[in-house]
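Good morning, and thank you for coming.

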Amino acid sequence: MAYENLLPVVSVMYSEAKKSGGVFTLDNFIPDVAQKLELSHGDEINSRRLAWFLFAALLGRLERLSKTNNGALTAGAKIWCLLAEDAHFLKRLLPSNVVWRSDEKVWFDLTQSDQKILEWTVNIAMPPMFAEHDAVGNFAQTHGFFVSPFKNRIGFMP
């Protein structure tokens, strides 16, 4: 959930910084979110939301590191397989979830079967660089589906 919403957020922040002559990367975003998380003590909804955004930003940083580091690439592929394995829980968790607004939940079609949600996570949500890793191919084979990563993501990890 947080990762799907992180992509448009960081893309906008990157574009706005660029317009004003500044620089924005996840390396700027991560400590900012961590600091806001610390300050949100006592606000359960906001602290949970910030914690998820921090986790998503760290996934984004892992994606960026994976471009030049095979160990990070393998770790990222395995982490995404774990996320895909549990993606079906969104069907029960999202409808009554108060951390995310309705417009942030639109990425997920909760009427799909558990299998289709798993496939969506690998083929649409998972960054293509991870989806093309052998670990993901093995995961897909074990779970009985074909990997065909979506190449046209909304946003990017600066």
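**Surface, fold and pocket**

The accessible surface of the protein chain amounts to about 8,900 Å², and 58% of that area belongs to carbon and sulfur atoms; such areas come from the Shrake-Rupley method with a 1.4 Å probe. This is a predicted model, in which local features need pLDDT of at least 70 and side-chain atom pairs count only at pLDDT 80 or more, while totals for chains, interfaces and linings use all residues. Residues are numbered from 1 along each chain as its sequence is written, and side-chain values use heavy atoms, with hydrogens and water left out.

Let us turn to the fold. The protein chain has nine helices and zero strands, these being DSSP runs numbered from the N terminus (helices H or I, at least four residues; strands E, at least two). Its radius of gyration, taken over C-alpha atoms, is 16 Å, close to the 15 Å that the globule rule gives for 158 residues, so the chain is as compact as a globular protein of that length. That rule is 2.2 Å times the number of residues to the power 0.38.

Finally, the largest pocket. A pocket is an open set of points on a 1 Å grid over the protein atoms alone, where a 1.4 Å probe fits, with protein on both sides within 12 Å along at least five of seven lines; lining residues have an atom within 4 Å of a point. Which residues lie nearest its centre? Of the 24 lining residues, they are Met-1, Ala-2, Trp-52, Leu-83 and Leu-90. Helix 3 (44–66) gives the most to this lining, with five residues.
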